[in-house]
Amino acid sequence: MQLKRKAKRFTEKIRAQAAKLLPTTKGFGYEMPPEIKVVEIYFDQKGHPAQANAFYKYFQNANWCSARGTPYRNWKLLASDWLFNYQQELKLEKRLRTNTMFYSGF
């Protein structure tokens, strides 16, 4: 008969030591709101550095809350959605340009 493993419990002393080791800069993980520098680095890594400022301003004006007033928890998820929508917009513009060039020849 196998015994179940018990979950490890951390003492307050260990938690306090771990808290000291965490970075003091906000935005590296999922802290809200992130710092603008961290957002710029993220967008640069994704290949669209020009979108970082627009993203940050948009959500800063919205106070990092949804339209219903619910605060966002993960800015990286918002950023990935922002980039996906931006890429879809670029594809649509390209498609529309090629269609107008094609149909203008008739």
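Student: With which residues is tryptophan 64 in contact, leaving aside its neighbours within four places in sequence?
Tutor: Happy to start there, and please keep in mind that this is a predicted model. Tryptophan 64 has its place in the loop between helix 3 and helix 4. Its partners, with neighbours within four places left out, are Met32, Pro33, Pro34, Phe55, Tyr56, Phe59, Pro71, Tyr72, Trp75 and Leu78.

Student: How far apart in space are tryptophan 64 and leucine 78, C-alpha to C-alpha?
Tutor: Leucine 78 is among the residues in contact with tryptophan 64. In sequence the two are 14 residues apart. From C-alpha to C-alpha, the distance in space is 9.9 Å.

Student: Is tryptophan 64 buried or exposed?
Tutor: The cut-off for buried is under 20% relative accessible area. Tryptophan 64 has a relative accessibility of 6%, so this residue counts as buried.

Student: How many aromatic pairs does the structure hold, and what kind of pair do tyrosine 42 and phenylalanine 43 form?
Tutor: The structure holds twelve aromatic pairs. For tyrosine 42 and phenylalanine 43, the ring centres are 6.0 Å apart and the planes stand at 80°. Planes over 60 degrees apart count as edge-to-face. That angle is why this pair is edge-to-face.

Student: What kind of pair do the rings of phenylalanine 59 and tryptophan 64 make?
Tutor: Here the centres lie 5.7 Å apart. Both phenylalanine 59 and tryptophan 64 are buried. Since planes under 30 degrees apart count as stacked, the angle of 20° makes this pair stacked.

Student: Which residues of helix 2 are buried, and how wide an arc do they cover?
Tutor: Helix 2 spans residues 36–46, and its buried residues are Val38, Val39, Tyr42 and Phe43. Around the axis they lie on the same side of helix 2, because the arc they cover is only 130°.

Student: Which exposed residues does the face of helix 2 turned away from its buried side carry?
Tutor: On the buried side, tyrosine 42 has 14% relative accessibility and phenylalanine 43 has a relative accessible area of 0%. The face turned away from that side carries exposed residues, namely Lys37, Ile41 and Gln45.

Student: What does histidine 48 touch, not counting residues up to four places away in sequence?
Tutor: Just after helix 2, glycine 47 takes a positive phi of about 95°. Histidine 48 is found in the loop between helix 2 and helix 3, and at 19% relative accessibility this histidine counts as buried. Apart from residues up to four places away, histidine 48 touches Phe43, Leu83, Tyr86 and Gln87.

Student: In the largest nonpolar core, which residues touch the most other members?
Tutor: This core has 14 residues.

Student: How many helices and strands does the protein have, and what share of its residues count as buried?
Tutor: There are four helices and zero strands, running α-α-α-α from the N terminus on. The protein has 106 residues, and the share that counts as buried is 18%.

Student: Which element has the lowest mean pLDDT and which the highest?
Tutor: Over the protein, the mean pLDDT is 85, and 81% of the residues reach 70 or more. Among the elements, the lowest mean, 73, belongs to helix 1 (residues 12–21), and the highest, 97, to helix 3.

Conventions:
Residues are numbered from 1 along each chain as its sequence is written. This is a predicted model: local features need pLDDT of at least 70, side-chain atom pairs count only at pLDDT 80 or more; totals for chains, interfaces and linings use all residues. Side-chain values use heavy atoms; hydrogens and water are left out. Rings of Phe, Tyr and Trp (its six-membered ring) pair if their centres lie within 6.5 Å; planes under 30 degrees apart count as stacked, over 60 as edge-to-face and the rest as tilted. Buried means under 20% relative accessible area, exposed over 50%, partly exposed in between (1.4 Å probe, protein chains only). Helices (H or I, at least four residues) and strands (E, at least two) are DSSP runs, numbered from the N terminus. The arc is that of the directions from the helix axis to the C-beta atoms. A nonpolar core is a set of buried Ala, Val, Leu, Ile, Met, Phe, Trp, Tyr and Cys residues joined through side-chain atoms within 4.5 Å. Contact means heavy atoms within 4.5 Å. pLDDT is the predictor's confidence in each residue, from 0 to 100.
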